[in-house]
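Have the sequence and the model side by side while reading.

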Amino acid sequence: MEGSKEKIILNIGGVRYETYSSTLRTFPGTKLCSLTEPHAPSIYDYDPTTKEFFFDRSAEIFSYVLNYYRTKHFHCPIDTCRSVLEEELAFWEINETQLASCCWLKLNNKEVQPEEFNVWDENEQTDDQCLIVQTERRDFSWRTRWQPKIWSIFEKPFSSFSAKCLAFVSLLFIVGIVIIFCEETKAQFEFFTANFTSVGYSEVSHDNREPYYHQAAYLLHLELFCVLWFTFEFSVRFCFCPDKKLFFQNPLNVVDFLSLFPVYIELFVAGQIQRMPSLGLWLGFVRIVYLLKLLKISKLIETPLILRVLCYTLKSILREICILLMILAFETVFFGALFFYGELLGSHPSYTGELHFTDILVCFWWALITLTTVGYGDIIPLTTVGQVTAALAAVFGMLTIIIPIPIFLVKFKSYYDIAIFKQKLKRSKKH
């Protein structure tokens with residue numbers, strides 16, 4: 001059975017199929033591919049009279065299997081039982097992850113749009129596609145050869161062992177500079193609170209200034225050491241990034257760029273800070289950008305699958321969340337106003353001076369806390385109208401929160417199943 005034009009006849013459950021042997025060789029290692037081998041008639045049920053192989057399997061599903069060999073796209077009938085399909089695919093030695101996304105959604109009764117099925121790969125493929133475009137150029141310079149490797153080391157923490165080590169070092173520097181920022185802020189506030197509240201700056205003795213400036217200089221040197229590392233890391237990432245425009249569209253990269261300036265500015269105007277202490281306070285305020293670098297930890301640490309699914313689920317039901325917040329805002333205003341006028345008009349003279357609120361805004365605060373079933377107890381109803389209003393607010397608050405939960409769970413389960421399927425598909429492609 002050699003030659004691409006040679007035909008093979010298959011009898012599947014009494015239904016005869018005829019195809020080319022080259023078609024069955026599309027996927028090596030499968031049972032249908034082994035039928036093209038010379039010793040196949042001695043292994044399988046082969047009738048030399050009719051020259052056909054017989055298999056007592058489902059003919060309906062096999063038609064889709066054979067079409068998969070022809071088109072490389074595997075689809076299945078909608079009314080097929082999943083367990084039966086898995087059994088047939090196991091017999092023909094075909095991985096179930098090869099099933100097309102549209103049929104997978106129908107088979108699992110997932111109410112998800114087909115275009116959302118590929119959302120898990122979009123972010124991961126963006127940078128890779130940019131690198132592929134650049135490496136396909138007819139330029140064999142050292143930068144072209146090393147750019148994908150260096151970019152992966154600095155931008156993809158889990159791409160290699162070197163990238164993991166670099167991510168760990170970056171994580172230490174980020175935590176270190178945040179601790180230094182907190183210590184600098186603490187030292188500044190202690191110094192200014194102790195010396196500038198009761199006396200002027202010119203009246204502060206040199207002995208009181210010396211310990212502060214000594215500690216500030218020590219922390220500044222530590223901060224400079226961290227910023228030098230961030231400067232090196234940012235420069236390498238910027239030089240070897242696939243797309244400079246997309247690089248600065250990332251908010252984390254903008255934060256990295258802005259965090260380089262405070263310490264350099266302080267070194268440049270170090271002499272003026274001693275004459276203008278307020279300038280040091282402003283530079284300390286600018287250093288708040290260091291706290292934003294903590295967001296980069298989410299990139300350096302591998303995000304669990306369930307957390308990524310949760311984030312995407314919240315994004316997909318953003319419209320429902322906005323409607324829920326609008327309902328909650330309406331209930332807050334309604335029950336807050338009802339509570340305010342109920343307590344005010346229904347109060348007994350003996351309650352004078354015992355009301356726990358002074359204006360309508362405090363009642364709105366009470367309504368929000370009651371609707372969310374927190375109930376701090378700082379404001380309590382003292383009249384019958386107020387108590388009835390509080391009971392209704394608690395009941396409506398529970399209904400407002402509980403009713404959307406099934407919607408969220410259904411969405412979350414759908415996206416989680418899709419994510420699990422995509423992971424299986426990736427693993428099968430790697431093997």
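In this predicted model, Asn11 stands opposite Phe54 of strand S4. S4 covers residues 52-55 and runs parallel to strand S1, with four bridges joining the two.

Strand S1 spans residues 7-12, and five of its six residues are buried, so the strand is largely enclosed by the rest of the structure. S1 also pairs with strand S2, here in the antiparallel sense and over six bridges. In this pairing, Ile12 stands opposite Val15 of S2. S1 and S2 form a hairpin with two residues between the strands, and in this hairpin Gly13 takes a positive phi near 60 degrees.

Next comes a residue of S2. Thr19 lies in this strand, which covers residues 15-20. Is Thr19 buried or exposed? Its relative accessible area is 6%, and a residue counts as buried under 20%, so Thr19 is buried. Apart from neighbours within four places in sequence, Thr19 is in contact with Glu6, Lys7, Ile8, Leu24, Leu66 and Arg70.

One of those contacts, Leu24, belongs to helix H1, residues 21-24. Leu24 counts as buried because its relative accessibility is 0%. Which residues does Leu24 contact, leaving aside its neighbours within four places in sequence? They are Ile8, Thr19, Leu32, Cys33, Thr36, Leu66 and Tyr69. For Thr36, the separation can be given in two ways: Leu24 and Thr36 are twelve residues apart in sequence, and their C-alpha atoms are 7.3 Å apart in space.

Definitions and conventions: Residues numbered from 1 in each chain as written. Predicted model: local features only at pLDDT ≥ 70, side-chain atom pairs only at ≥ 80, totals over all residues. Heavy atoms only, no water. Buried < 20%, exposed > 50% of the residue type's maximum accessible area, 1.4 Å probe, protein only. Contact = heavy atoms within 4.5 Å. Pairing = 2+ DSSP bridges.
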